[in-house]
Amino acid sequence: MRTAAGALRRGLTFWRRSIQARVVLSTVVLSAVVFGAVGWFLLQQTRAGLLDDRVKAVVAEAATETGDAEKRLAGVPGTEFDPDRQKSQLVKPIIERGQTRGFSVILSGPAGPDAAGLAAGGTIASPDLDLGSVPARLEEHFRQDSTTSWTYTRISYLDGTNRPDEPGIVVGSRVQLPADGQSYTIYYLFPLAQEQQTLDLVARALLTAGALLLVLMGAVTWLVTQQVVTPIRLARRVAERLAAGQLEERLRVAGDDDIARLGTSFNQMATNLQRQIRQLEELSRVQRRFVSDVSHELRTPLTTVRMASDVLHDAREKFDPATARSAELLQTELDRFEHLLSDLLEISRFDAGAAVLETDDVNLVDVAHRVVDVTRVLAEQRGIRVVVQSPHGPCLAEADVRRVERIVRNLVTNAIDHAESHDIVVLVAGDAHSAAIAVRDYGVGLAPGESAMVFNRFWRADPARARTTGGTGLGLSISLEDTHLHGGWLQAWGQPGAGAQFRLTLPRRVGGPLRQSPLPLVPSDAGLSRAAESAS
Amino acid sequence: MSRRTVSWLAGGLLVAAALSGCVSMPQSGEVQDVPGPPNSNTDDQFQFNPRPPLVGETPTETVDGWFEAMTATPVSTVVARQFLSSAQAASWSPEDGILTYDTARTPQGFGTVNVTLFGVNRLDARGQWLGPADPDDLTLRFPMEPEDGQWRITSVPDALIVDEAWFETSYQPANLYFFNPNARVLVPEPVFLPRGDQLPTSLVRGLLQGPIHSGLERSFLPNNAALDLAVTVTPDGVAQVPLRGDVGSLPAETIDLMADQLAWTLRQDPQIRSIQLLADGEPLVLPGGATEFGVDYGSAFDPAGRYADEELFGLRQGRVVRVVDGVEQPITGPFGTKQYGLSDISLNLDASLVAGVGESGTSVILSSAFGSASGLYAVPRTVMSDAVDLLHPAWDTAGRLWMVDRRPSGAVVSVFHNGTLERVNVPGISGERVTDFLVSRDGTRLVAALDEAPSDQVVVSRILATGRLHGTVARPIVGGPGGLLRVRDLGWRTPTSIFFVNAIAGRQSELRSASVDGSPATFDPQAVYSLQGDLDAQVISSPRTEDPIYLQSSGGGFKALLANSPQLPTGLQVLHYVG
């Protein structure tokens with residue numbers, strides 16, 4: 001069972017992946033339909049032709065027999081009176097001729113509207129013939145009418161004769177017996193066995209020819225598609241290697257046909273791509289190196305400036321108010337400069353791949369509370385209340401606690417920046433495979449498309465808006481890099497006027513699979529907010 | 001399973017069903033009419049379909065209807081049977097004979113209806129003319145009984161009773177051909193049979209019933225042979241004769257002779273050109289391998305003599321001459337070269353022997369017709385010498401020389417054969433006053449003109465070869481009570497009919513014909529020629545219908561009756577065909 005299912009699965013995979021198999025099968029199926037239609041048409045024509053010829057022949061033969069019978073009856077002296085003998089003498093030679101020529105005969109009568117059927121007796125018939133071979137509709141016809149008529153029938157023979165039933169044509173004709181002046185009906189039953197054999201022969205020939213043609217079509221199609229599909233497969237493999245970074249891979253081009261031109265174009269495209277990728281990599285590397293170098297180079301003079309600033313700041317009370325204010329401003333901006341420089345260095349470490357995790361079991365609930373505590377002062381300055389909604393128990397994840405705290409702090413600080421005096425909710429949740437923290441604010445929210453851009457470096461939704469919390473514009477980018485370092489997700493949701501929600505999801509174990517988050521990205525009150533907004 | 005898959009499957013099944021339906025022959029269907037050819041009546045006779053009995057007819061009307069119904073054309077008794085009571089209808093056999101009548105009195109009576117017929121003639125079951133009924137008026141009584149409220153006849157004669165006029169149009173004279181006892185020549189037997197499509201069947205059935213006179217003729221159709229329903233004639237004139245019985249196992253010679261009889265008999269139907277015999281459905285093979293033979297088959301057995309000489313022979317100045325195309329030439333035999341004082345001559349059928357009657361009519365001398373020193377009768381020999389008044393002698397195909405000597409006591413019939421002279425007793429001719437006589441070439445009929453008061457008669461006797469040669473009682477075929485005939489001369493017209501010259505008062509005579517069965521000459525009204533100014537004219541004729549016919553006046557002149565006949569030289573004493 002499992003083997004069969006496996007085979008079926010493999011077959012379906014093969015079917016899904018092999019364009020050649022699909023083309024061959026489609027060709028064979030379509031050809032079968034076409035052959036079927038043509039064969040059906042040919043058979044129908046053959047059958048109609050055979051039947052037409054046979055009907056003409058049997059009607060003519062029956063007419064000849066009836067004409068002969070009428071002639072013989074016309075020759076009988078009119079004074080003779082023995083209907084039974086005349087009937088017998090009339091039909092016996094016809095029956096004998098029928099036995100040599102392959103048709104059966106029934107003489108019934110006298111005829112008339114009230115005449116009894118064949119089953120009532122009084123008939124003379126060919127030996128072995130079942131009288132039921134004459135259809136009731138033809139008997140009925142001769143009760144009303146005396147015109148010579150024919151119809152199709154099934155000729156059956158008496159039990160014990162070992163002759164199978166067969167299709168046939170029955171022709172009925174009327175004759176008048178001089179002995180009693182009554183009309184009698186002669187039924188001639190001609191089997192269609194020979195026509196059936198001919199038709200069977202034609203059908204077998206068509207079927208065999210059709211089957212052979214189908215096999216041939218399948219083979220030809222296989223060969224033709226093979227010629228087309230093989231270069232495509234080669235191109236696919238080369239494209240896969242290119243995608244995997246093996247930018248030196250190229251197609252082998254032979255000939256001058258469409259496939260060869262495709263290969264040439266493909267190779268040109270690969271070369272162009274390779275060149276541009278190399279240029280971009282080089283550019284990126286130079287930029288990163290530059291940022292890193294600048295950051296390092298700025299640290300030494302900054303330390304000196306810092307020390308000087310600290311001296312000035314400590315002595316500000318001795319200065320006139322304007323100078324004291326300048327000393328304070330200098331101190332504040334130096335703090336921001338240090339932060340910026342620190343973030344740039346952090347980014348540079350990420351870019352250089354130098355960031356390393358120091359993992360431990362971290363309780364995200366504690367992290368949330370700690371961050372809230374740290375940012376409480378800032379929040380209170382804005383009149384904002386930050387609330388933690390967490391489960392009763394701990395919510396553990398294997399993580400670098402410093403980086404996780406930095407992520408959560410960035411998210412809360414960012415929320416405070418955009419909360420516009422509304423409360424902020426920090427949600428914590430976990431399950432067997434993951435743990436998550438979501439920060440929900442009810443501020444300006446995000447315009448459509450902005451949720452993907454918020455993690456870009458130095459991106460801001462409104463360039464005119466001041467960074468009141470002293471953010472560097474790199475916080476969310478660093479948070480994203482930290483999250484990626486854990487193998488987790490950092491996603492944003494927002495709607496204009498409905499606030500925003502940032503959700504951090506971490507696997508329970510570093511490098512563990514992450515399929516879903518314990519918290520929804522779209523908050524459950526998102527709709528409510530919109531409804532409230534529209535109501536107002 | 002998607003809807004598309006289901007549609008495909010359904011379509012496939014439909015196609016498969018249609019395909020499978022197409023590869024088998026139909027076993028049912030509508031009843032189709034076949035446009036029939038127009039009703040072609042091959043018979044050129046007019047048709048008369050008599051009315052069946054009507055409701056409420058009186059007994060006399062019923063009898064009248066029955067008489068009318070018997071005149072159905074073509075011949076049929078289906079309607080006539082409907083006028084009879086059930087019992088009588090089941091037993092009535094109209095094929096047992098025919099009664100013809102000239103006139104009939106209107107039916108009279110109620111419980112029993114009487115019908116008187118006048119001028120009644122009878123024919124037997126085979127159609128042989130039996131002559132007038134005696135007496136020739138006949139009163140038939142038809143007892144009547146009601147059946148299902150309608151009058152029906154409970155007893156009728158087993159015969160077809162029809163008026164003469166209908167009989168003449170619906171029946172025709174024909175001959176049934178049998179062989180003479182030693183199967184050397186065919187003997188025709190005249191009968192009357194229905195005209196049209198029924199004629200071939202009636203002819204063969206007549207033959208199958210066997211010889212009419214078993215002593216003088218025989219048939220080679222087996223006794224147990226029977227005709228299967230009817231003889232059919234194809235459009236190209238092939239008569240198919242389906243026989244049953246021991247036909248297939250007959251010896252080749254018998255089949256050959258049977259074919260001769262059938263060919264001669266069936267050739268009388270002008271639409272028949274050839275014949276095919278079927279034995280139990282299979283074509284019968286004739287000696288030589290043929291399965292079909294023409295109606296001219298068996299010409300060797302011609303009753304008129306197949307090998308009979310066609311020329312005329314006469315006497316000029318006592319010598320025998322042969323007349324060929326109007327030119328006379330003496331024969332080479334003794335009678336042609338020497339004077340024997342002959343008054344009459346008769347040559348046998350192959351014209352090899354001449355029987356000469358001496359000048360006084362008392363002797364007969366036999367001589368070869370060819371001049372040769374040896375051979376039969378190279379030297380003339382007298383075969384009869386004590387006769388009184390010999391008539392013109394006659395020969396038959398058996399080589400018998402027939403002589404009638406008119407003695408005062410009456411005629412004596414003698415035959416000279418194989419060197420022996422034999423007297424033959426022919427009742428009704430022997431001892432009578434015979435004015436002329438004929439013997440048919442087949443040797444089975446002797447026709448004689450008898451001089452009787454008040455009217456001459458022509459009588460026919462059949463010659464029987466069983467035991468001693470003798471004749472049957474002569475039966476009158478012409479003349480008899482009520483007639484006024486003066487028969488001067490006789491001559492054959494066909495093998496079954498004769499010419500006779502009848503002298504009428506006022507130096508006028510006429511040439512008439514008669515059938516050897518005695519049936520009226522009304523069937524052949526052309527056979528009367530009027531002759532002015534010669535009471536004793538002689539007719540020169542032969543049974544071969546293609547031979548010219550001449551009348552010889554008592555002055556010796558000849559008159560040809562048919563156009564294109566050769567002119568004859570004048571001055572010949574006598575002139576005769578052979579036989």
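1. Start with the four-stranded open sheet of chain B: its strands come in the order E3-E4-E7-E8, and the pairing is antiparallel. Strands here are DSSP runs of E with at least two residues, helices are runs of H or I with at least four, and both are numbered from the N terminus. Two strands count as paired if DSSP finds at least two bridges between them. At the edges sit strand E3 (103-104) and strand E8 (150-153) of chain B, each pairing on one side only. E3(B) is held to strand E4 (residues 112-118) of chain B by 2 bridges, running antiparallel, and B:Ala104 has B:Leu117 in E4(B) as its bridge partner.

2. Before going further, a caveat: this is a predicted model, where local features need pLDDT of at least 70 and side-chain atom pairs count only at pLDDT 80 or more, while totals for chains, interfaces and linings use all residues. Residues are numbered from 1 along each chain as its sequence is written, and chains are lettered from A and ligands numbered from 1 in the order in which they are written.

3. Back to that sheet. Helix H2 (residues 59-69) of chain B lies across E4, strand E7 (138-147) and E8 of chain B, and runs at about 50 degrees to E8(B). Angles run from 0 to 180 degrees between N-to-C directions, with axes fitted to C-alpha atoms, for helices over the stretch in contact. Contact means C-beta atoms, placed from the backbone, within 7 Å.

4. Another open sheet of chain B has 4 strands in the order E6-E5-E2-E9, this time with mixed pairing. Its edge strands are strand E6 (129-132) and strand E9 (160-163) of chain B, each pairing on one side only. On average, neighbouring strands of this sheet are turned by 20 degrees against each other, direction ignored. Strand E5 (residues 121-124) of chain B pairs with E6(B) over 3 bridges in the antiparallel sense; there, B:Leu123 partners B:Trp129.

5. Now the interface. Chain B puts 40 residues into the contact and chain A 45. On the chain B side, the elements giving two or more residues are helix H1 (3-22), strand E1 (32-33), helix H3 (78-81) and helix H6 (198-208). That side divides into 21 nonpolar residues (Ala, Val, Leu, Ile, Met, Phe, Trp, Tyr, Cys and Pro), 13 polar (the others, Gly among them) and 6 charged (Asp, Glu, Lys and Arg).

6. Pairing also crosses the chains: strand E3 (residues 149-155) of chain A and E1(B) run antiparallel, joined by 2 bridges. A:Trp150 has B:Gln32 as its bridge partner in E1(B).

Note on methods:
Contact = placed C-beta atoms within 7 Å.
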